[in-house]
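Biologist: I am new to this structure and would like to know what lies behind the terms used for it. Could we go through them one at a time?

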Amino acid sequence: MKIREKNTILPFNILQYNDFQYFRNNDRAWIDLILSKTALIFASIIILAALYHLSADLQQADKQRHLDAIAQDFRSAIDLAGQSPHGTSSANISYSFDTYGPEGKLTGQPDAWVSGEYVGISYEDDNKTIHAVKPLTYRTLPYNETVIRDKLLNQFSASGESADPIVSPFTSSNVTEFLTTLGTKEKNLNTSAKVHIVKSLIYLKNGTEVRELEYVLVYQ
Amino acid sequence: MEPRSENLSMCLFINNDDAFMEPHNDIISTALVVIGFVVFAAIVSQTYITFDDNSYALENYEQASMIAKDIAEYPGIQGSRTDLISAEALDRICFPVKDQQMHEMFFQRFSSNLDFYVEVTTNDGNHQWAIQQGNSGSSHRDIIAASVPVVIELGSSANCVPGTLTVKMWKNSWI
């Protein structure tokens with residue numbers, strides 16, 4: 001194998017004349033090597049960092065999916081109560097978040113909340129909060145039966161039960177508006193305790209006509 | 001040099017010992033690794049996005065299908081029998097709404113947050129009803145639809161035609 005001859009100028013000969021000349025005439029390519037190795041190290045660092053980020057992002061996405069599943073399960077439980085036949089109140093459903101308990105991907109207890117419009121689950125992980133929010137199909141109120149009846153009694157002088165229906169001049173839209181305003185507040189739920197879900201009816205009487213407004217109540 | 005020129009260019013490339021490629025080996029291998037990584041990341045994210053879209057569509061389809069079933073069983077629009085839907089009741093609540101109170105009661109139990117409309121058609125295409133909540137004409141969002149087969153009673157129980165009840169839901173803008 002033919003090896004190219006190296007430049008024979010020795011450093012100590014040239015150094016006393018000109019530093020620049022020494023660099024120019026040196027063709028051992030050591031600076032090339034250092035530059036390319038440095039670039040390689042930088043490139044490796046960037047690629048490793050990107051890989052690490054990708055796996056961290058995937059883990060986060062996995063947790064997000066898990067939270068989504070919890071929220072979806074809770075939403076289905078509420079919708080199931082709302083789905084019961086029209087004009088009848090449903091049986092009280094006890095829902096617990098244990099189905100996706102600590103043996104899952106989450107190390108701590110997630111937080112849950114419910115409002116008249118949606119359910120939400122959040123989980124704090126490494127100072128980052130992951131949320132999963134699902135809209136509800138049926139009208140929902142985050143209060144128990146007694147609270148609702150009391151509030152109706154205060155507002156419309158009738159509890160809205162079948163024996164004590166709300167009568168005119170109050171219309172169904174008055175009641176709906178009032179209850180929608182009540183439902184805008186989020187109610188935090190304790191995920192280690194059971195949640196009660198029940199469909200309740202609010203009766204309205206207009207002359208001889210009796211109507212029922214259906215609401216799903218979610219409380220602990 | 002004479003015998004070399006007769007060789008194939010590949011041999012020339014292999015036998016060349018000038019090492020002119022040597023300093024660029026790193027660049028080529030790094031470029032290959034980077035390209036490989038980018039392709040891998042693109043495939044992973046694409047798969048994830050597709051999976052997310054599919055699960056979203058499935059989730060909403062379930063919701064739409066639940067609403068469709070619920071509406072098909074709603075007593076307010078039932079005909080002379082529980083398995084029939086009265087065309088006369090549909091006439092009252094379809095667009096333009098004739099019976100405002102009945103229309104209100106029809107949508108009462110559904111969350112006001114939901115944006116959907118109901119379309120009832122007879123299979124022969126002669127009759128069509130569109131029941132709409134408010135005036136949600138936002139056509140820019142994705143639509144998820146689910147339908148259930150129904151029997152529509154036109155006038156009397158002797159005149160029944162098969163039809164379809166379709167619930168079309170707009171994707172919530174805040175999800």
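Modeller: Two residues are in contact if their C-beta atoms, placed from the backbone, lie within 7 Å. Among contacts in chain B between residues at least 6 apart in sequence, 65% join residues at least 24 apart. This is a predicted model, with scores of ipTM 0.73 and pTM 0.77.

Biologist: What makes up chain B, in helices and strands?

Modeller: Chain B has five helices and five strands. Read from the N terminus, the order is α-α-α-β-α-α-β-β-β-β. Of the 175 residues in this chain, 19% are buried.

Biologist: How many of the residues in chain B score at least 70 in pLDDT?

Modeller: The share is 85%, and chain B averages a pLDDT of 81. Residues 1–5 of chain B have a pLDDT below 50, and this stretch has one contact in the model beyond near neighbours in sequence. Where pLDDT is low, the predicted coordinates should not be read in detail.

Biologist: Which elements give two or more residues to the side of chain A that touches chain B?

Modeller: The contact involves 34 residues of chain A and 27 residues of chain B. On the chain A side, the elements that give two or more residues are α3 (30–82), β4 (128–135), α5 (172–183) and β9 (209–219). The most comes from α3(A), with twelve residues. By class, this side has 15 nonpolar, twelve polar and seven charged residues.

Biologist: Why is A:Asn127 called exposed?

Modeller: A:Asn127 has 5, so A:Asn127 is exposed. Its place is in the loop between β3 and β4 of chain A. The C-alpha atoms of A:Asn127 and A:Thr107 are separated by 14 Å, and these residues are 20 apart along the chain.

Biologist: What makes β3(A) and β4(A) a pair?

Modeller: A pair needs at least two bridges. Eight bridges join β3 (residues 118–125) of chain A to β4(A), so the two strands pair, and they run antiparallel. Within this pairing, A:Ile121 stands opposite A:Ala132 in β4(A).

Biologist: How do you know that β2(A) pairs with β3(A) and with β7(A)?

Modeller: By the cut-off of at least two bridges, both pairings qualify. β2(A) and β3(A) have four bridges, while β2(A) and β7(A) have three. Both are antiparallel. A:Ala112 stands opposite A:Ile121 in β3(A), and A:Val114 stands opposite A:Lys187 in β7(A). A hairpin of three residues joins β2(A) to β3(A).

Biologist: Why are β4 and β7 of chain A called edge strands?

Modeller: The open sheet has four strands in the order β4-β3-β2-β7 (chain A), with antiparallel pairing. β4 and β7 (187–189) each pair on one side only, and they are the edge strands. The twist averages 25° from one strand to the next. Helix α3(A) lies across β2 (111–114), β3 and β4 of chain A, at about 30° to β4(A).

Biologist: Which side chains of β2(A) are buried?

Modeller: The side chains alternate along β2(A).

Biologist: Which residues touch the most other members of the largest nonpolar core?

Modeller: They are A:Ile78 and A:Val216, in a core of 33 residues. The elements that give two or more residues to this core are α3, β2, β3, α4 (145–156), α5, β8 (195–206) and β9 of chain A. The largest share, six residues, comes from α3(A). Leaving aside neighbours within four places in sequence, A:Ile78 has contacts that include A:Val119, A:Leu136, A:Ile197 and A:Val216. A second, separate core has 26 residues, among them B:Ala89, B:Ile131, B:Cys160 and B:Val167.

Biologist: How many bridges join β9(A) to β8(A), and how many join β9(A) to β5(A)?

Modeller: Eleven bridges join β8(A) to β9(A), which run antiparallel. Two bridges join β5 (residues 140–141) of chain A to β9(A), and these run parallel. Two is enough, because the cut-off for a pair is at least two. In β9(A), A:Val216 stands opposite A:Lys199, and A:Leu217 is the bridge partner of A:Leu141. The hairpin of β8(A) and β9(A) has two residues between the strands, and there A:Gly207 takes a positive phi near 70°.

Key: Residues are numbered from 1 along each chain as its sequence is written. Chains are lettered from A and ligands numbered from 1 in the order in which they are written. This is a predicted model: local features need pLDDT of at least 70, side-chain atom pairs count only at pLDDT 80 or more; totals for chains, interfaces and linings use all residues. Ala, Val, Leu, Ile, Met, Phe, Trp, Tyr, Cys and Pro count as nonpolar, Asp, Glu, Lys and Arg as charged, and the others, Gly among them, as polar. Axes are lines fitted to C-alpha atoms, for helices over the stretch in contact, and angles run from 0 to 180 degrees between N-to-C directions. A nonpolar core is a set of buried Ala, Val, Leu, Ile, Met, Phe, Trp, Tyr and Cys residues joined through C-beta atoms within 7 Å. A residue is buried if 20 or more other C-beta atoms lie within 10 Å of its own, exposed if 12 or fewer, and partly exposed in between; C-beta atoms are placed from the backbone. pLDDT is the predictor's confidence in each residue, from 0 to 100.
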